[in-house]
Amino acid sequence: HSRDIKIQKHVVSGDIAEIEKLEAAAKKAHLSVESFIHSGTASSSSTLSVDNTKDNSIIIDFGGGTTDISVYESNSLIYSSVLPIGGFNFSNDIAIAFGIDFEQAEYIKIKHGLTDIYKSSVLESITITLPNNKNIDVQVLDVCQIMKERAQEWAGLILTEIESSGINNLKTCVLTGGSSQIEGINTILTKALQLKSNTCIP
């Protein structure tokens, strides 16, 4: 008989007050709450197949305000974290760089945003409206360069997070979330992690 039993566990905790606020908001919308689930787990369950969760996979949910990281091994969540960077930061960078309001910057990101400076579309020009109502033309290349630099920082933060976790046997990377639709972002992530990344829409 053994006296000692050792296990590896991953505990996900949350602020009770914030959870209660979420539940109260759901009830006001006439929705019944059966249980709560970690957001990374929710993303994983809607994008990963059973085979993926058994195969040392990392899923990156790139949202508007944050990036959720979840790592699966043998069909179990073994690591998770949240980075305070999302699509908002890309739009905010554009707004600051050109001195325009956030709403216009968000439109530019969605309509013209990309991170690949070698795309032919970077040679095009777009018109932006300054606070004094003056219209000026800027190259898509300028927008692309701003977004590329932010994307490289984002991918670097993910790599640092993985390295600090001690996980080194990843085989599959899945990128999801609204901001994962930024053109070229997947290529930058693949290069940074040295791991083939697939974009998946839930």
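Mentor: One definition to start. Rings of Phe, Tyr and Trp count as a pair if their centres lie within 6.5 Å, with the six-membered ring standing for Trp. Also, keep in mind that this is a predicted model.

Trainee: Got it. How many aromatic pairs turn up in the whole structure?

Mentor: Three aromatic pairs, from a search of the whole structure. Take Phe-62 and Phe-90. Their ring centres are 5.8 Å apart and their planes meet at 65°, so this pair is edge-to-face.

Trainee: Why edge-to-face?

Mentor: Planes over 60 degrees apart get that label. The planes of Phe-62 and Phe-90 are at 65°, so the pair qualifies.

Trainee: Where in the chain are Phe-62 and Phe-90?

Mentor: In distant parts. Phe-62 is in strand E1, residues 57-62, and Phe-90 is in helix H4, residues 87-98. They are 28 residues apart, and the pair links those two parts.

Trainee: Which residues do the ring pairs link into a cluster?

Mentor: Phe-62, Phe-90 and Trp-154.

Trainee: Is Phe-62 buried or exposed? And Phe-90, buried or exposed?

Mentor: Phe-62 is buried, at 0% relative accessible area. Phe-90 also has 0% relative accessibility, so Phe-90 counts as buried.

Trainee: Let's zoom out. How many helices and strands does the chain have?

Mentor: Seven helices and seven strands. From the N terminus, the order reads α-α-α-β-β-β-α-α-β-β-α-β-α-β.

Trainee: What does the C-alpha trace span along its principal axes?

Mentor: About 80 × 45 × 25 Å. The chain has 202 residues, and 39% of them are buried. Its accessible surface comes to about 12400 Å². Carbon and sulfur atoms hold 51% of that surface.

Trainee: What about contacts between residues at least 6 apart in sequence?

Mentor: Of those, 57% join residues at least 24 apart.

Trainee: Now the sheet. What order do the five strands take?

Mentor: E3-E2-E1-E6-E7, in an open sheet with mixed pairing.

Trainee: Which strands stand at the edges?

Mentor: E3 and E7. Each has a single partner strand, so one side of each lacks a neighbour in the sheet. From one strand to the next, the twist averages 20°.

Trainee: What packs on the sheet?

Mentor: Helix H6, residues 140-165. It touches E1, E2, E3 and strand E6, residues 172-176. The direction of H6 makes about 135° with that of E3.

Trainee: Back to E1. How many bridges join E1 to E2?

Mentor: Six, and E1 and E2 run antiparallel. Our friend Phe-62 takes part: its bridge partner in E2 is Thr-67.

Trainee: And how many bridges join E2 to E3?

Mentor: Seven. E2 covers residues 67-73, E3 covers residues 76-83, and they too run antiparallel. Within that pairing, Asp-68 in E2 stands opposite Val-82 in E3.

Trainee: What sits between the strands in the hairpin of E2 and E3?

Mentor: Two residues. In that hairpin, Ser-74 takes a positive phi near 50°.

Trainee: Where else is phi positive in a residue other than glycine?

Mentor: At His-30, for one, with phi near 60°. His-30 sits in the loop between helix H1 (16-28) and helix H2 (39-47). His-30 is exposed, at 75% relative accessible area.

Trainee: Where is Ser-197, then?

Mentor: In strand E7, residues 197-199. Ser-197 is buried, at 5% relative accessible area.

Trainee: Which residues does Ser-197 touch?

Mentor: Cys-173, Leu-175, Asn-186, Leu-189 and Thr-190. That leaves aside residues up to four places away in sequence.

Trainee: How accessible is Cys-200?

Mentor: Partly exposed, at 22% relative accessible area. Cys-144, by contrast, is at 0%, so Cys-144 counts as buried.

Note on methods. Residues numbered from 1 in each chain as written. Predicted model: local features only at pLDDT ≥ 70, side-chain atom pairs only at ≥ 80, totals over all residues. Heavy atoms only, no water. Pairing = 2+ DSSP bridges. Helix = DSSP H or I, 4+ residues; strand = E, 2+ residues; numbered from the N terminus. Phe/Tyr/Trp six-rings, centres within 6.5 Å; stacked < 30°, edge-to-face > 60°. Buried < 20%, exposed > 50% of the residue type's maximum accessible area, 1.4 Å probe, protein only. Contact = heavy atoms within 4.5 Å. Areas by Shrake-Rupley, 256 points an atom, 1.4 Å probe, with all protein chains shown as cover. Axes fitted to C-alpha atoms, helices over the stretch in contact; angles between N-to-C directions.
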